[in-house]
Amino acid sequence: MERRDFLKISAIAGATAALEGCGNPDHQLIRFVPEEDLLPGIATWKPSICTQCPAGCGMMVRVMQGEAEVIRKGQLGLLKMGLAKKLEGNPAHPISQGKLCPRGQAGLQVTYHPDRIKNPLVREGARGSGQFKEIGWDDAIKQLASQLSTLHTSNPPGGLAFVTGPLRGQRKTILDAFTTSFQGSYAVGAAFLDDSVARAANGASFGHAAPGTVDLANSNYVLSFGADFLGTWNSPVAQNVGFGHMRKGRPGMRGKFVQFEPRISQTGASADEFVAVQPGAEGVLALAIAHVVIAEKRKPLASAGHAGSLIDGWAQGLPDYAPEKVAAQTGVKAETIARIAREAASHDPAVAIIGDSATAQTNGYFNALAVNALNALLGSVGKPGGILFGAGLNAQASKSGPASLELFASQVSSGAAPVKVLLVYNANPIFSAPTAWGVRAALDKIPFIASFASFMDETALLADLILPDSSPLESWLDDVPPSGSAKFVMSVAPPAMAPLHDTRSAPDVLLDVAQRIGGDLAKALPWKTYDEAIQAAFAALYKEKGSKTAKDADEFWSRAKDQGGWWTDEPSATANGASGGRPIKASAAQFDGEASQYPFHFLPFASQLFYDGSLANLPWMQEAPDPLSTVMWGTWLEINPRTAQKLNIQRGDLVEVSSPHGKLQAPALIAPGVAPDVVAMPIGQGHESYTRYASGRGANPISILAPATVEGTGALAWAATRVKLSAVGRSAMILFGGSLTEASPELKHR
Amino acid sequence: MCRFRLSNYLRIAIAVGAVVLGLAILQRVLPAQSADTAAQGQSSDQFTPSHRTISGAIREFFYIRSKPVQPIAYTHKVHLGNGMQCTDCHVGVDQGPDARIPSVNFCMTCHQVIATDKPEIKKLAAYKARGEDIPWQRVYGFEPEAHVKFNHAPHIRAGVDCSVCHGDMRQQTVAERKVDHTMGFCIDCHKQKGASVDCVTCHY
Amino acid sequence: MAHQWGMVIDLDRCTGCEACVVACHAENNISTVGEDQARRSRAKHWIRVERYYEGEFPDVQVKFMPVLCQQCDAAPCEPVCPTFASYHTSEGLNGQIYNRCIGTRYCANACPYVVRYFNFFNPVWDKPLNLQLNPDVSVREVGVMEKCTFCVQRIKAGEIKAEAEKRELKDGEIQPACVQSCAPRAMVFGDLNDPESEVSRLANSGRATKLLAELGTRPKVTYLQRDAWHGHENA
């Protein structure tokens with residue numbers, strides 16, 4: 001061939017390529033006029049509040065111009081708008097101190113999730129069928145308002161119930177206004193992980209019904225009884241910051257940390273000493289430590305004050321809790337107990353904390369009181385390096401806690417509580433309640449269910465009307481975090497970006513409905529939009545506290561919005577506020593299921609990535625390897641190596657876990673850190689419905705839990721279930737840590 | 001004994017043709033991405049080529065760029081001739097990476113009163129009335145596969161005039177690519193001015 | 001003097017929380033590969049937290065160690081790349097130039113830290129998850145190798161900002177995403193050429209070690225070994 005021909009062929013090839021056009025506006029989506037004036041490529045940072053767990057960390061959001069596909073007036077087009085690109089901790093915020101945990105980082109995926117509910121929906125088919133029809137907001141709010149108006153004027157009054165997650169700030173104010181105005185209504189807390197036991201115990205021991213802030217940064221010795229304080233307990237980011245400082249932030253000083261639990265948790269991994277303790281014996285162990293401290297006269301027993309007096313036998317020096325007497329019950333050698341007691345007592349400030357499974361036993365309340373007494377004895381309550389109770393942080397602590405979901409479900413099912421309208425907000429009670437509580441059956445009895453859910457989860461599927469909440473980054477946010485800092489903190493954040501879909505902020509909807517209902521409710525909530533409500537709260541705060549820098553309420557509000565809130569040093573409250581209460585004797589933990597039939601303690605644990613399961617819909621959380629197991633996109637059951645050997649269970653075997661109240665299947669993971677008579681399982685998977693990433697994936701340990709309660713509080717004792725195991729097949733887990741999966745790929749776990 | 005000898009050009013042509021044919025066959029035989037797996041947010045098990053079509057790949061290889069079709073015949077010559085500066089409209093070019101093309105709101109601040117009878121201005125007003133922004137088509141820019149992170153601001157701050165890279169816009173009516181932004185074009189100037197030619201300066 | 005970027009990770013502070021892992025994904029446009037591809041070990045965690053169990057229950061200990069590209073000064077991935085896509089930059093980073101990469105994967109093969117990840121497929125973001133993508137970071141297409149860059153986009157942005165403001169960079173001013181999010185402040189990033197920088201100071205600690213130093217890779221990440229408590233019951 002000649003050169004000429006070659007060039008001809010190339011030209012033809014090139015020409016065909018050139019024919020494929022773009023750069024022609026007629027073939028593209030229309031572009032809407034931008035509503036914001038942004039410079040492309042240049043980021044602005046806006047304050048916000050993380051809502052992925054109840055800690056309330058202050059955030060900064062990196063906002064940059066981007067082009068989003070949106071629908072305006074029924075037409076699809078492109079809109080240049082400010083988009084949240086990255087979340088960081090707010091360096092000025094006393095809780096997060098510039099840091100975030102992985103859940104906080106994943107908050108972006110809530111806003112941009114492909115399966116968000118994009119507009120109001122009304123049920124079309126049978127309840128639970130998932131058939132919904134899109135309706136407009138006017139229609140949706142009218143429906144809700146009309147349902148509530150009917151209730152408001154009905155005789156006898158009553159019939160309204162709210163099932164919510166933990167609400168604080170003006171969201172709580174709105175909820176309270178509704179429940180006050182609607183006589184006989186119920187406000188039910190549906191969070192699986194809540195601090196009700198801690199609040200009750202701290203209220204009894206110290207007069208502060210609040211979780212308390214652990215001042216790790218200044219501590220020298222930390223005794224943690226089951227609390228996953230570096231992972232999911234209380235205020236994890238603040239605690240991580242404090243922990244880092246405790247370890248290596250003070251030249252020449254390095255605090256010691258001892259973790260007491262039946263399974264080495266993610267937090268336990270960072271302990272200097274992990275001490276395996278029998279489930280439920282944490283309180284007895286704490287008192288054994290106290291016994292040594294008192295017996296060896298390292299601290300006067302009277303220094304435990306009222307908290308000590310709540311423990312039967314305290315005044316006598318806790319004779320029943322001598323280490324030798326409790327070694328078998330706790331599973332901890334007497335010498336170990338004595339040594340740790342001596343170390344703690346001679347390394348002030350020492351602090352004891354308790355949480356997670358230790359307070360989720362039937363004797364969890366007693367365990368908490370015991371640890372509180374130990375704390376008081378060590379002299380750390382209200383002191384740097386110990387547990388702090390800021391007077392201001394209590395202001396928002398509810399005087400009466402939310403009603404129990406278990407009680408609510410049984411009363412609705414029996415007809416004792418004739419609920420006609422249920423509003424579900426920030427909660428998924430079908431998932432977060434044991435099957436034994438019969439929540440599904442209770443909901444079936446309620447004629448009208450409205451949900452503010454952003455995702456079609458198990459509970460939203462049962463709704464008759466869905467008014468989808470905007471995502472946190474698209475909403476006005478406020479918060480009064482109950483712990484995490486010695487300062488008083490009230491956070492506020494305007495929306496970081498405009499809503500992507502036709503959603504509305506739930507508080508705005510409730511305010512609208514309140515105005516339509518009128519009467520005392522409208523008077524109690526005299527605001528058109530939620531930011532007005534928050535501004536009113538800040539005006540009240542300014543009046544109460546004043547400000548060094550702002551000369552009037554307007555400037556106070558403006559500064560607060562700019563920096564993400566307002567905070568001030570506060571003298572920490574002393575522990576002398578408590579009185580009353582009879583001394584409590586030790587109670588052994590009760591477990592549901594005969595030990596002979598159900599040989600293993602079942603230990604669900606909060607997942608670092610999914611928390612209580614509400615974050616399982618986020619792909620980053622599904623793909624991030626679990627810190628201890630490295631499992632991705634799946635669920636697993638942790639079994640002790642020797643136990644597995646005895647039962648002839650290998651890694652990857654599909655194990656059926658049966659409690660007296662249900663059964664589930666999960667692949668076995670041989671875990672060196674779990675006690676031989678304990679099997680552990682992360683909470684979070686096992687959603688029947690929760691977006692494409694989580695639906696039908698794994699198993700939900702909550703479902704098989706016994707309906708046991710923590711004596712003295714009514715909270716769910718979620719660590720009190722016993723189970724039996726049987727291998728039923730093979731499965732395949734995905735482990736990021738090194739090796740490939742075990743079983744052959746076709747045996748997928750379902 | 002074979003006397004058939006291929007010239008070099010013919011060998012190259014056959015090789016290129018074979019590759020193109022092979023790709024074409026693959027493209028038709030294997031779907032680019034299974035809709036199901038994409039719906040689950042998961043990568044497909046199928047072959048996913050870097051370009052969606054053969055012509056796309058050829059165009060990138062030969063650096064063929066289609067001439068942009070602008071919705072409105074905006075002329076730089078007229079505006080610059082009336083005394084405007086580049087930065088009057090391309091705000092932010094000295095602050096960040098992008099030289100922003102302004103929105104229709106920006107244009108209308110003047111054109112709600114200026115030259116309202118001209119047909120192109122009427123088009124402009126029509127966009128605004130419909131609530132639509134003008135769909136300007138990019139004139140300059142790099143292929144995504146070039147992974148170039150060009151940042152305007154340091155260049156402006158270094159005193160590089162707009163016309164060095166974009167040509168003399170005072171002579172241009174509808175904007176055209178007057179300067180070829182090949183890598184050599186950038187490197188030559190970087191070498192001349194003593195700016196870094198480390199790969200990661202621009203490619204990351 | 002030119003900057004030489006380095007990092008220190010204090011294993012006595014690290015609590016294994018994985019904020020670094022997720023922050024990195026968010027900052028660097030790392031796509032989620034999904035269950036099927038994750039099963040084939042193709043998940044791309046530029047930084048991962050390794051955990052090691054030691055001992056038998058109840059005397060168990062767990063240790064965490066975040067592992068990311070060590071930006072080795074004698075990187076084994078650089079000489080094996082046929083197109084110089086993996087090369088050493090003037091500021092001490094191991095640069096990965098995506099448009100040079102032709103996907104031979106020799107670099108990943110050579111890397112002893114297993115920190116290089118290959119894009120077997122074009123990345124998928126179910127809309128509108130793609131709106132979260134960082135415009136300052138490339139989206140890597142199929143056939144291209146990727147790995148931790150010490151957030152080179154942040155380094156560039158910091159240097160450009162300092163130049164615009166006609167001043168030197170301050171120590172700690174530039175923080176990769178992982179460092180910024182690390183709550184126990186286990187990770188420190190800075191200029192090893194600056195003897196006053198925190199990273200230089202910590203790299204000289206008595207607890208300093210390097211990962212697989214015996215291989216001669218000269219990594220720029222220094223690990224500070226987990227410490228022990230030196231108190232006594234009768235202190």
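Biologist: In which loop of chain A is Pro349(A) found?

Modeller: This is a predicted model, and every value discussed here is computed from it. Pro349(A) is found in the loop between helix H11 (334-345) and strand S13 (350-354) of chain A.

Biologist: What kind of peptide bond joins Asp348(A) and Pro349(A), and what is omega there?

Modeller: The bond joining Asp348(A) and Pro349(A) is cis, and omega is about -10 degrees. Pro58(C) lies in the loop between strand S2 (48-54) and strand S3 (61-67) of chain C.

Biologist: How many C-beta neighbours does Arg218(C) have inside 10 Å?

Modeller: Arg218(C) has 13 C-beta neighbours inside 10 Å, so it counts as partly exposed. Arg218(C) is not a glycine either, and its positive phi is about 50 degrees. Its place is in the loop between strand S9 (208-209) and strand S10 (221-224) of chain C.

Biologist: Let us turn to helices. Which residues of H18(A) are buried?

Modeller: The general idea is that an α-helix has 3.6 residues a turn, so residues three or four places apart point the same way. In H18(A), the buried residues are Tyr530(A), Asp531(A), Ala533(A), Ile534(A), Gln535(A), Phe538(A) and Leu541(A). Helix H18 of chain A covers residues 530-545, 16 residues in total, and its span of 22 Å from first to last C-alpha is close to the 22 Å expected. Gly546(A) follows H18(A) and has a positive phi, near 70 degrees.

Biologist: Against which elements do the buried residues of H18(A) pack?

Modeller: They pack against several elements of chain A, including helix H5 (169-181), strand S20 (488-493), helix H16 (506-517) and helix H19 (553-563).

Biologist: H16(A) also meets H4(A). At what angle do their axes cross?

Modeller: The axes of helix H4 (residues 137-152) of chain A and H16(A) come within 9 Å and cross at roughly 50 degrees. That angle makes H4(A) oblique to H16(A). The crossing is right-handed. Among the residues in contact are Ile141(A), Leu144(A) and Leu148(A) in H4(A), and Val509(A), Val513(A) and Arg516(A) in H16(A). By class, the residues of this contact divide into seven nonpolar, two polar and two charged.

Biologist: How do H8(A) and H12(A) cross, and is the crossing left-handed or right-handed?

Modeller: The axes of helix H8 (residues 282-295) and helix H12 (residues 364-378) of chain A come within 7 Å and cross at roughly 25 degrees. Angles under 35 degrees count as roughly parallel. H8(A) is therefore roughly parallel to H12(A). The crossing of this pair is left-handed.

Biologist: Which residues form the contact of H8(A) with H12(A)?

Modeller: Among them are Ala286(A), Ile289(A) and Val293(A) in H8(A), together with Phe366(A), Ala370(A) and Leu374(A) in H12(A). The contact has 11 nonpolar, two polar and one charged residues.

Definitions and conventions: Residues are numbered from 1 along each chain as its sequence is written. Chains are lettered from A and ligands numbered from 1 in the order in which they are written. This is a predicted model: local features need pLDDT of at least 70, side-chain atom pairs count only at pLDDT 80 or more; totals for chains, interfaces and linings use all residues. Helices (H or I, at least four residues) and strands (E, at least two) are DSSP runs, numbered from the N terminus. The expected span of a helix is 1.5 Å times one less than its number of residues. A residue is buried if 20 or more other C-beta atoms lie within 10 Å of its own, exposed if 12 or fewer, and partly exposed in between; C-beta atoms are placed from the backbone. Two residues are in contact if their C-beta atoms, placed from the backbone, lie within 7 Å. Axes are lines fitted to C-alpha atoms, for helices over the stretch in contact, and angles run from 0 to 180 degrees between N-to-C directions. Angles under 35 degrees count as roughly parallel, over 145 as roughly antiparallel, 65 to 115 as roughly perpendicular and the rest as oblique. A crossing is left-handed if the near helix is turned anticlockwise from the far one by less than a right angle, and right-handed if clockwise. Ala, Val, Leu, Ile, Met, Phe, Trp, Tyr, Cys and Pro count as nonpolar, Asp, Glu, Lys and Arg as charged, and the others, Gly among them, as polar.
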